[in-house]
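Below are some brief notes for a colleague who has not looked at this model before. Please read them with the structure open.

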Amino acid sequence: MVKKQTTCIRKLGGSRAGEMRFGRFLRNPAVTTKEMLVSAGHATGARVAGRRVLVIQDTTELNFSAHKESKRGFGTVGNGVDIGLFLHPQVVVDAITGGLIGLAGASIHTRTEGATTARRKRSLEDKESRRWLDGAETASAVLADALEITVVADRESDIYEEFVRRPPNVHLLTRAA
């Protein structure tokens, strides 16, 4: 999947029968994105007790413009024209060894309509940049048993509110804008 930057559900399932099982699983109303992320977070949280961890968060754009005829419910991506969504994961690694521990959480954003108010007049709760503080809050809750939590982010997260409102058990390492 990393090498080709794409995947096929049939290959994930291993066979046509596996593909059908995987598809049924994903279409099951009891299987939600939120529940999958909560499960991943619980598993990661169980592995961090007593460890110093880095929580690396960044946003990636998933552009589906080549598949626009088959996609429904997507918004526009960075260029404001193509369809897609934004994925903002919080990946947890061991601060000492650099080994991957798991996923603390993630959020998915779609831009179905443009901003209605100038950005300086909107509260943090009404901005996409809220995802940076949400990531720190998720890390704080999910990784509470860690010895030390340091959230690492790029300069897009260099916002005043994140530093003021960060959870007390979380350190921030942010590339300054």
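1. In this predicted model, helix H2 has Gly18, Glu19 and Gly23 as its buried residues. Viewed along the H2 axis, these buried residues lie within an arc of 135 degrees, so they line one face of the helix. Helix H1 (9–13) is among the elements that cover them. The face of H2 pointing away from the buried side holds the exposed residues Arg21 and Arg24.

2. The length of H2 (residues 16–27) can be checked. Its twelve residues, at 1.5 Å a residue, should span 16 Å, and the C-alpha atoms at its ends are 16 Å apart, so the two values agree.

3. The largest nonpolar core has 14 residues, of which Val48, Val53, Val55, Val92, Leu143, Ile149 and Val151 touch the most other members. Two or more residues each come from strand S1 (52–57), strand S5 (100–109), helix H4 (130–142), S6 and S7. In soluble globular proteins, nonpolar side chains tend to be buried together.

4. Valine 53 deserves a separate look. Apart from neighbours within four places in sequence, its contacts include Val48, Val92, Ile101, Leu143 and Ile149. Glu148 and Thr150 are also among the contacts of valine 53.

5. Strands S6 (residues 148–153) and S7 run parallel and are joined by five bridges. Within S7, leucine 173 is the bridge partner of valine 152. Together with helix H5 (residues 160–165), S6 and S7 form a right-handed β-α-β unit.

6. Which residues of S7 (residues 170–174) are on its covered face, and which on its uncovered one? Val170, Leu172 and Thr174 make up the covered face, while His171 and Leu173 make up the uncovered face.

Notes: Residues numbered from 1 in each chain as written. Predicted model: local features only at pLDDT ≥ 70, side-chain atom pairs only at ≥ 80, totals over all residues. Heavy atoms only, no water. Buried < 20%, exposed > 50% of the residue type's maximum accessible area, 1.4 Å probe, protein only. Helix = DSSP H or I, 4+ residues; strand = E, 2+ residues; numbered from the N terminus. Pairing = 2+ DSSP bridges. Right-handed = clockwise from strand over helix to strand, strands pointing away. Expected span 1.5 Å × (residues − 1). Arc of directions from axis to C-beta. Contact = heavy atoms within 4.5 Å. Core = buried A, V, L, I, M, F, W, Y, C linked by side-chain atoms within 4.5 Å.
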